[in-house]
Amino acid sequence: MNPVARMVMLNLRTVAPYRNQGLAAFVVMALLFVNRPVVLVPTLVLLFTTTIAAYPFNVGDKASLQTLYATLPLARRAVLFGHYAWALACYLGTVITGTVVALLLAWLQSVPFGGRTIATVLSLSWGMFAVNVAVQFPLFIRYGYTRINLLSTVLPLAFVATLVIRLHLSLASVHSWLPWTWPVGAALIVASAAASGALDRRRRQPTTTAGVNRLSRQVSA
Amino acid sequence: MSDVAFALRGVNAAVTRDFALRDVSFELPSGYVMGLIGANGAGKTTAIRCLLGMRAVNGGEIELLGHPVPGPVALRQEVGVVLDHTYLVGDWRLAQVERALRPFYERWDGDRYRGLLDEFGLDMRAKVKDLSRGMAIKLMIAVALSHHARLMVFDEPTSGLDPVARDELVGIIGDFLLDARHSVLFSTHITTDLDRVGDYLTLIHGGRVVRTGTKDDILDAYRIVRAGPDDLNHLVGIELIGVRRTPTVTQALVRTDEADLLAADVLVEPPTLEEIAVHIGAPAGRRKETV
């Protein structure tokens, strides 16, 4: 198993003890969506995905997992990429599940839910997921989950709102810009991973040598 | 390959605006135990974090098991780390701890892990967050010993442990050292822990190494002097370290070669490790007096 895959597995193990709470939250959310249009099911799943993807940061803050990562035979790069790979795995897992459930419900309710609708929902969900991860993860890595949690929830929404306004995106023209969510989302995630690496290096840098020099002068004096 | 388990040479590391490691140098030959002694905030944990590559340094060289630090990630296969706090998911059961960590270690020994937990009286079904401090430290030791590390690094493992648990820990270190290639770095402010197992000592204070060497050399290097309240006031060329004055007695640590200059009525005795640590770690205001 390569180091990034090992890190993904570690994230899975990190969130595993909380699966029952997660399922309970999922059931509550599902009940809220009863009798709502089937098309909203993948949206529900997306909400869930972003929470699971970020959960290792939440648990990591409480359990000092940064120290664990630093003692394991695991390169820092693998830790960072592992978080992104974990998020993508969460997205794939939940989006497939959500789509299958939506298809099933549509079939049971005899509601039309086919190719074009699925493509639209998946493209939108990917775009939202990518923005969320791209904005949140560097902040979590630089500042920690607890310190930045509220801001990291608001920023992706602000980012999307800004995009919609600045680029004049509207539902009427959705099919012209929707295909772009895939490459743009992927590019955002790649850029975010690079930013995370840079921020992480900065976080791990020692305080400037000025501190050592000043203290040495004080001792000499 | 170097026969040095680890070495720090002239290491500088700024931690905050007010604290830094400054020109820190000490080393341990393979097969021995080094005690890193200092008061809280002396720089022990920072030195350990630098040694393990967990903190970048501003200058100096660090060598760990024959490799420069930062070195290859695989080097961490050889190092077991026990810090003064657990760094595992609180809701993991001890069986899950093994499942989570095993994939990272080439030489993970599941039988040894389960055997150690059994020996330490730890239940595989227990959750990490439910363990007492002593049990949590034992868990971390079990993890560190289960991947056949060559160097064990303990950072304040005994603070908060009862005497029985501390004695057990010393026994565990003794067992670990039965293999001549194994080495231990043990930071503590409880010096009695090192009376039995410490071969080398490094005294650290205010981010600087005050003295490093074998335990016997360090014990020989200092003397405790006790005299009347004013008897140590008129001496020349003698540095009194960590002077403690009461209405009836003045006590200080001095270098052994300077102790010969003291008058005959001054009581001069070999110090214990604790006395050395207490006087060297005394607050700056009364740490040194040259009279």
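Predicted model: local features only at pLDDT ≥ 70, side-chain atom pairs only at ≥ 80, totals over all residues.
**Stop 1: chain A**

Select chain A. Chain A has 10 helices and 0 strands. Along the principal axes, its C-alpha atoms fill a box of roughly 85 × 40 × 30 Å. Of its 221 residues, 31% count as buried. Now turn on contacts within the chain. Among those with a separation of 6 or more, 84% join residues 24 or more positions apart.

**Stop 2: where the chains meet**

Show both chains. The contact takes 31 residues from chain A and 32 residues from chain B. Which elements of chain A give two or more residues to this side? They are α1 (3-15), α3 (41-63), α4 (65-71) and α10 (209-220). Colour that side of chain A by class, and you get 17 nonpolar, 10 polar and 4 charged residues.

**Stop 3: helix α2 of chain B**

Select residues 94-101 of chain B, which form helix α2. Its buried residues are B:Leu94, B:Gln96, B:Val97, B:Ala100 and B:Leu101. They lie on the same side of α2(B), because they cover an arc of only 150° around the axis. An α-helix has 3.6 residues a turn, so residues three or four places apart point the same way. What covers the buried residues of α2(B)? The cover includes α1 of chain A, together with α3 and α4 of chain B.

**Stop 4: B:Val128**

Stay in chain B and pick B:Val128. It sits in the loop between α3 (110-119) and α4 (133-146). Is B:Val128 buried or exposed? It is buried, because 22 other C-beta atoms lie within 10 Å, and the cut-off for buried is 20 or more. Leaving aside residues up to four places away in sequence, B:Val128 touches B:Thr86, B:Leu88, B:Val89, B:Gly90, B:Trp92, B:Val97, B:Ala136 and B:Leu139. One of these, B:Val97, is among the buried residues of α2(B) from the last stop. Next, draw a line from B:Val128 to B:Tyr87. They are 41 residues apart in sequence, and their C-alpha atoms are 9.7 Å apart in space.

**Stop 5: strand β9 of chain B**

Select residues 200-205 of chain B. This is strand β9, and 6 of the 6 residues are buried, so the strand is largely enclosed by the rest of the structure. Look at one side to find B:Tyr200, B:Thr202 and B:Ile204.

Strand β3 (residues 33-37) of chain B pairs with β9(B) in the parallel sense, over 4 bridges. Here B:Gly35 stands opposite B:Leu201. Strand β10 (residues 208-214) of chain B runs antiparallel to β9(B), with 6 bridges joining the two. In this pair, B:His205 has B:Arg208 as its bridge partner. The hairpin of β9(B) and β10(B) has 2 residues between the strands. Click on B:Gly206 there: it takes a positive phi near 55°.

**Stop 6: the open sheet of chain B**

Finish with four strands. They form an open antiparallel sheet in the order β2-β1-β4-β5. Which strands stand at the edges? They are β2 (20-29) and β5 (67-68); each has a single partner strand, so one side of each is left without a neighbour in the sheet. Zoom in on β5(B). It is joined to β4 (residues 59-64) by 2 bridges, and B:Glu63 has B:Pro68 as its bridge partner. Last, select helix α1 (residues 44-51) of chain B. This helix lies across β1 (4-14), β2 and β4, running at about 115° to β1(B).

Definitions and conventions
Residues numbered from 1 in each chain as written. Chains lettered and ligands numbered in written order. Buried ≥ 20, exposed ≤ 12 C-beta atoms within 10 Å, placed from the backbone. Contact = placed C-beta atoms within 7 Å. Nonpolar A, V, L, I, M, F, W, Y, C, P; charged D, E, K, R; others polar. Pairing = 2+ DSSP bridges. Arc of directions from axis to C-beta. Axes fitted to C-alpha atoms, helices over the stretch in contact; angles between N-to-C directions.
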